[in-house]
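Hello,

Here is the structure we talked about. Please look it over, then read the notes below.

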Amino acid sequence: MKIGVVTFPGSLDDRDAQRAARIAGAEAVALWHGDHDLQDVDAIVLPGGFSYGDYLRCGAIAARSPIMREVIEAANSGMPVLGICNGFQVLVEAHLLPGGLIRNDHGDFVCRDQGLRVENASTAWTSGFEVGQQITIPLKNGEGGFIADAETLARLEGEGLVAFRYTGLNPNGSLNDIAGLTNERGNVVGLMPHPEHAVEAGFGPDTPDAMRSGVDGLTFFTSVLQNTLARA
Amino acid sequence: MPTIVVEVMPKAELLDPAGKAVAGALRREGGHPFSDVRIGKRFELTVDGEVTDAVLAQAQKLADEMLSNSVIEDVVKVTVA
């Protein structure tokens with residue numbers, strides 16, 4: 001199985017996402033923002049970073065880059081697409097997920113290991129989790145405050161489209177503690193925290209067992225791998 | 001060449017941390033009647049040729065669809081400079 005990772009000008013975590021895909025057992029394929037070629041990948045990751053220096057709005061220019069035409073087409077026909085941090089912002093700006101992301105309410109950049117509760121375990125990227133499962137993966141952003149109008153928020157909650165919620169202290173003012181969303185079909189998932197930074201013991205968040213041993217992020221990549229192989 | 005100015009503001013009900021920070025600095029400064037600040041964006045579009053109604057309409061469309069995000073911002077002005 002091939003997982004494509006799109007590199008935009010200003011992407012930072014594209015290599016980490018590729019590495020996470022490989023650790024999960026997939027082949028990682030580097031995709032370039034300026035191309036119109038998805039290179040026959042089976043799933044796509046839009047990685048974290050600061051594409052186009054966050055100019056205009058976070059993710060706004062990347063959402064209009066050449067390869068996004070193909071990414072949007074693929075997403076609309078069911079291909080799994082995961083947007084992480086800046087990638088989540090790109091998905092929102094590309095109208096593949098609703099709402100918007102604004103500057104953290106406290107005004108500071110936040111970087112820490114973040115507890116999340118899995119709210120939807122039937123998406124392409126979360127099927128390896130259980131609903132209600134508590135996981136910990138790194139969070140690092142300046143503009144991670146999720147907002148939507150009351151009607152959209154009610155729809156997201158009513159239809160079970162909230163994929164992840166922050167546990168404990170809300171780190172950025174996101175409405176309803178929303179950390180990540182899925183679309184109705186469950187193939188497009190976006191979240192502010194970074195699963196690709198919690199895939200290998202020695203480099204992940206601390207756990208009660210050992211320092212830096214947390215690998216909760218790996219399940220995102222193994223989920224999409226298993227779902228794709230099961231479909232083949 | 002003519003210029004079309006587009007102005008975009010964060011929605012009134014949304015937190016504007018940059019504006020809030022400047023408002024805080026203004027309060028510390030004192031000696032003036034300014035109680036609040038909000039910060040938006042101004043775009044200047046250089047137009048090749050004449051600004052017709054159709055061109056203004058194109059600018060409005062661009063302002064609505066690309067220069068702003070209606071979830072978080074309002075286009076408050078599209079005018080010829």
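Two residues are in contact if their C-beta atoms, placed from the backbone, lie within 7 Å. By that rule, and not counting residues up to four places away in sequence, A:Ile44 touches A:Gly4, A:Val6, A:Val71, A:Ala74, A:Met79 and A:Val81.

First, the conventions. This is a predicted model, where local features need pLDDT of at least 70, side-chain atom pairs count only at pLDDT 80 or more, and totals for chains, interfaces and linings use all residues. Residues are numbered from 1 along each chain as its sequence is written, while chains are lettered from A and ligands numbered from 1 in the order in which they are written.

Now the cores. A nonpolar core is a set of buried Ala, Val, Leu, Ile, Met, Phe, Trp, Tyr and Cys residues joined through C-beta atoms within 7 Å. Buried means 20 or more other C-beta atoms within 10 Å of the residue's own; exposed means 12 or fewer; partly exposed is in between. The largest core has 75 residues. A:Ala21, A:Ile44, A:Leu91 and A:Phe221 have the most contacts inside it. A second, separate core has seven residues, including B:Ile4, B:Val8, B:Ala63 and B:Leu67.

A:Leu91 sits in helix α3 (residues 86-93) of chain A. Helices (H or I, at least four residues) and strands (E, at least two) are DSSP runs, numbered from the N terminus. Why does A:Leu91 count as buried? Because 29 other C-beta atoms lie within 10 Å. Beyond four places in sequence, A:Leu91 contacts A:Leu46, A:Gly83, A:Leu96, A:Leu97, A:Val188 and A:Gly190.

Next, helix α2 (residues 66-76) of chain A. Its buried residues are A:Ile67, A:Met68, A:Val71, A:Ala74 and A:Ala75. They lie on the same side of α2(A), because they cover an arc of only 125° around the axis (the arc of the directions from the helix axis to the C-beta atoms). They pack against β1 (2-7), β2 (27-32), β3 (43-46), β4 (81-84) and β11 (188-191) of chain A. Exposed A:Arg69 and A:Glu73 are on the face turned away from the buried side. Just after α2(A), A:Gly78 takes a positive phi of about 105°.

Chain B has two helices and three strands. From the N terminus on, they run β-α-β-α-β. Of its 81 residues, 17% count as buried. Its C-alpha atoms fill a box of roughly 45 × 30 × 15 Å along the principal axes.

Last, the contact between the chains. Chain A gives eleven residues and chain B seven residues.

Best wishes
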